Amino acid sequence: MSETSFDVAVIGGGAVGTSTLFHLADEYDARGVLFERGQLGEGSTGKAAGGVRNTYTTPVNIEIGNRAIEYFQNFADNVGEDLAFEQTGYMYLYHSREAEIEWRERAQHLHAFDVTTEMHSPEEAARAFPSLDATEIRGAMYAPDCGHVDPHSLTQAFGRAAVDRGAMIHTGTAVTDVVVEDGAVAAVETQAGTYEVDAVLNAAGPWAARVGAMAGVDVPIELLIRRIMVTSTIDQTTGPLVIDPERECYFKVESSGSMLVCDTGQDIHDVGDPDGATDGQVGYDYYLRTTEKVQRLVPALADLEVRNGWSGLQSHTDDGNAIVGPADVDGFYLACGFSGHGVQQAPVVGGAMADLLVAGETDRFDVGKLSLDRFAGGDPVESEGMA
Ligand SMILES: Cc1cc2nc3c(=O)[nH]c(=O)nc-3n(C[C@H](O)[C@H](O)[C@H](O)COP(=O)(O)OP(=O)(O)OC[C@H]3O[C@@H](n4cnc5c(N)ncnc54)[C@H](O)[C@@H]3O)c2cc1C
């Protein structure tokens, strides 16, 4: 077989694309090639906080979350590469009696899927995250199995392991067209020439609609810009990732002692063209408003300096869930629209995509729930919010 003929072309070198390439090579010995127009991880993946959780409302996401946690716990065995998975938990804050009832119901719902949760009093929450002002909250739901990984390390690990198993990665190589003949994928055209392929995976993140159009497939995603700031060090070295859904923010303490803070209430919606949508900067106004909001929960934040900040694109579908599976064009597959879940779902989705691309089916999770068809009046999925 020549170096311009492959079983599968993966378009996009983020967490999802590299994971799929790895699983194709590792589990199926399939001939896979990945095209990344820039460097691995330079899309949404490189901007992510790396949070990993199983505390969703939608069963298919809980299922993926449980499997992902197990995968990250055994990453070295699964991939042959080391990856730190800091299992420091997630802690959801609430402020009212009504919200407490909802979180207690949510905990019951999660227990039915074997997700461990504990309801914390304000004092217990402040013991878990000592910089928290306990007087600001009514309580919290704590999920000890959740945690975080480094998105860049994850992507590099999958990329290296895929190449070790014979896959090819072309960085700095944009796919410019997908050639469809008689309703089936035949080739991809790239900046480095034409490659004959049996199947194509569109894992192009915020650019997935553009890549879909190359094959005549409409990909219904909207883009938003999310921003993160990182502070000087706080007098606390560990703790769970804390989410306040009502006040629309989350934060965690990095191992360096810095605080990573995200104000989702300041997301910028309805972003059109992904190119040039964000210059990666955050803006002084964002720092001020975020600090003002979050210092009510963490008073020490008022005395910290902002040391770093960045912005990145997220791709959202109407119901907040990813699109995973085949499109109407034979051999053209989608794994996109992951909103704030793509890094954590990448190991499990990558495995499922490899199954679908080679074997045509998967039992890793109920993949039909994430099909493109659901937007054409098929089977809509319950909406999945930030929490
Ligand atoms: C601020 C922020 C915080 C986040 N926090 C989390 C979190 O805590 N946990 C979590 O799981 N997720 C989080 N996310 C979401 C996560 O980043 C995404 O869901 C995930 O990275 C999607 O990965 P991907 O591989 O699908 O896409 P991407 O990482 O965007 O990869 C797509 C790649 O395709 C390439 N590409 C595009 N067009 C072409 C072409 N024509 N040819 C070749 N290559 C092309 C791009 O250059 C890009 O590298 C966060 C996102 C942001 C912005």
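How much area do domain 1 and domain 2 bury between them? About 1900 Å² is buried, 56% of it on carbon and sulfur atoms. Buried area here is the accessible area (1.4 Å probe) that two parts lose on being put together, summed over both.

This is a predicted model, in which local features need pLDDT of at least 70 and side-chain atom pairs count only at pLDDT 80 or more, while totals for chains, interfaces and linings use all residues. Residues are numbered from 1 along each chain as its sequence is written, and side-chain values use heavy atoms, with hydrogens and water left out.

**View 1. The whole chain.** Let's start with the overall picture. The chain has nine helices and 19 strands; helices (H or I, at least four residues) and strands (E, at least two) are DSSP runs, numbered from the N terminus. Along the principal axes, the C-alpha atoms fill a box of roughly 65 × 45 × 40 Å.

**View 2. Two domains.** Domain 1 covers 5-67 + 151-220 + 319-376, and domain 2 covers 90-144 + 222-316; these bounds come from an automatic or database domain assignment. Their C-alpha centres lie 29 Å apart. The contact (heavy atoms within 4.5 Å) takes 23 residues from domain 1 and 25 residues from domain 2.

**View 3**

View 4. On the domain 1 side, helix 2 (59-73) and strand 3 (51-52) each supply at least two of the touching residues. Helix 2 gives the largest share, three residues.

**View 5. Salt bridges.** The whole structure holds 19 salt bridges, each a side-chain nitrogen of Lys or Arg within 4 Å of a carboxyl oxygen of Asp or Glu. Three are found across the interface of domain 1 and domain 2. Arg210 pairs with Asp275, their closest N and O atoms being 2.6 Å apart.
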